[in-house]
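I opened this model to look up a few things.

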Amino acid sequence: MDNIERTFDICSGLHFPTVQEWKKSHPSGKAIAFFPVYAPVELIHAAGILPVGLSGAGDRLDIQHADARFGSFICSIVKTTMELGLTGRLDPFDGFLFSSICDSARNLCFVMKRNFPGMYVDFLHLPHNPGSPAAAPFLADEYRRLLAELERLGGHKVSDDALRTSIALYNRSRALIRELYKLRTVRPQQVPTWELYQLVRLGNYLPVEEHTAQLEAALAEFSSRSAKQRDSIRIVVEGSFCEQPPLPVIRLIEDAGCYIVDDDFVIGQSWFDSDVPTDGEPLLALANSYLDRSVYSSVRHDFRKPRWDGLVEKVRRSRADAVLFLIAKFCEPAYFDYVPYKEELEKAGIPHLQLEFEEKSFTFDRLRMEIETFVESLIFD
Ligand code: SF4
């Protein structure tokens, strides 16, 4: 992949250089930072605002102020996001958007509101019962309300055609990510996950047009790469949908003898499993897509399609040998789901291992040993 160093700098930096560059070339432009997992980026883009996905601060920031705002048993990304704000590193942004993914994210939204009283801070309510006939109109109304706020911030009305253009742009980006994921499933030796992960995560920071061009170039490059197949087991990584593991953890999983053939890293970048329709009423199309085209996730409840069935299907589709649960410390949704996931995998005879990480970890010897032991137990079984 070209520019891997630049990609790493953008993904791991604390000062959002791409936002600062974009603002220089768009002097009256606004930027909104959204907290993972999902945000309707199409609405933000159509309003002429740059949507930027927050991903915490990794191991590059000492928490000196945020601890005083939260209890002890809160995941790291919530605290580092607050710390980024309290230390002025989120100053390039003109607003923050949160959604109802979990109690911690909900609380962060309102703590941010209190600490940044002059800032636009919004909370998107997502439907909890997708099977209800009221869910689609409710969500379309919620998008309408949000769009009105974005129009106010962006300074102009957003037409349906502008929304359709933005939907089409993000459809293209998601379709490319799906292609890259498919290629990795078939030929994982050509698409190392430590590279693919950074490429996809880059979409959090770049304008979609620029990111799409990078995805296209990467697809061509990965497709034509020659790489020898290693003697590795094929695994699905599950549980890293919000707080992201340190890049060395992904590398050590691969170095320890695993091909990651599917994962839920930075899942918001590939939230829909097929294109959002660009005909009809765009807000309703987005709402219906949230209900019927979203990938399964521990932060999206849909009892019409149990998530545990989704995981077993993912393992079968990707011809994986095992599942590695890689869960952020104190991530309630991931730990709640671990129990039913584990039960379903055991019923299906699929081996699994559970490991915990924190974005700010920097020693990984214990993780390496556990993964190597797991790999050996499968190879020599
Ligand atoms: S890491 Fe888990 S608990 Fe923390 S904000 Fe994200 S979903 Fe919520």
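**Ground rules**

I am working with a predicted model, in which local features need pLDDT of at least 70, side-chain atom pairs count only at pLDDT 80 or more, and totals for chains, interfaces and linings use all residues. Residues are numbered from 1 along each chain as its sequence is written, and side-chain values use heavy atoms, with hydrogens and water left out.

**Entry 1: the ligand**

Next I asked how many residues surround the ligand. The count is 13, and the closest are Phe-35, Cys-75, Cys-102, Cys-242 and Cys-331. By class I read 11 nonpolar, no polar and two charged residues. Nonpolar covers Ala, Val, Leu, Ile, Met, Phe, Trp, Tyr, Cys and Pro; charged covers Asp, Glu, Lys and Arg; the others, Gly among them, are polar. Helix 4 and helix 13 (332-348) each give at least two residues to the shell. Helices (H or I, at least four residues) and strands (E, at least two) are DSSP runs, numbered from the N terminus.

**Entry 2: Thr-81 in helix 4**

I stayed on helix 4 (residues 76-86), which holds Thr-81. Is Thr-81 buried or exposed? It is buried, at a relative accessible area of 0%. Buried means under 20%, exposed over 50%, and partly exposed in between (1.4 Å probe, protein chains only). Setting aside neighbours within four places in sequence, I found Thr-81 in contact with Phe-35, Leu-54, Gly-56, Leu-90 and Leu-108. Contact means heavy atoms within 4.5 Å. Phe-35 is also among the closest residues to the ligand.

**Entry 3: Cys-109 in helix 5**

Cys-109 lies in helix 5 (residues 103-115). Its relative accessible area is 0%, so I list Cys-109 as buried. Beyond four places in sequence, Cys-109 touches Phe-98, Val-121, Asp-122 and Phe-123.

I found a cis peptide bond joining Pro-36 and Val-37, with omega about 20°. Val-37 is in the loop between strand 1 (31-34) and helix 3 (41-46).

Then I looked at positive phi. Arg-319, not a glycine, has a phi of about 50°, and lies in the loop between helix 12 (307-317) and strand 7 (322-328). Phe-330, again not a glycine, has about 70°. Its loop runs between strand 7 and helix 13. At 32% relative accessibility, Phe-330 is partly exposed.

Ile-267 is in the loop between strand 6 and helix 11 (282-292). It counts as buried, at 8% relative accessibility. Apart from neighbours within four places, Ile-267 contacts Val-37, Phe-241, Val-295, Tyr-296 and Ser-297. Val-37 is the residue of the cis bond. The C-alpha atoms of Ile-267 and Phe-241 are 5.4 Å apart, though the two are 26 residues apart in sequence.

Val-266 is in the loop between strand 6 and helix 11 too. Val-266 is buried, at 8%. With neighbours within four places left out, it contacts Tyr-197, Arg-201, Asn-204, Ser-240 and Gln-244.

In helix 2 (residues 17-25), I noted Thr-18, Val-19 and Trp-22 as buried. They fall within an arc of 100° seen down the axis, so they line one face of the helix. The arc is taken over the directions from the helix axis to the C-beta atoms. These residues pack against helix 1 (4-12), strand 1 and strand 2 (50-53).

In helix 10 (residues 247-255), the buried residues are Leu-247, Val-249, Ile-250, Leu-252, Ile-253 and Glu-254. Their packing partners include helix 1, helix 8 (193-201) and strand 7. Just after helix 10, Gly-257 has a positive phi of about 105°.

Technical notes: Near = heavy atom within 4 Å.
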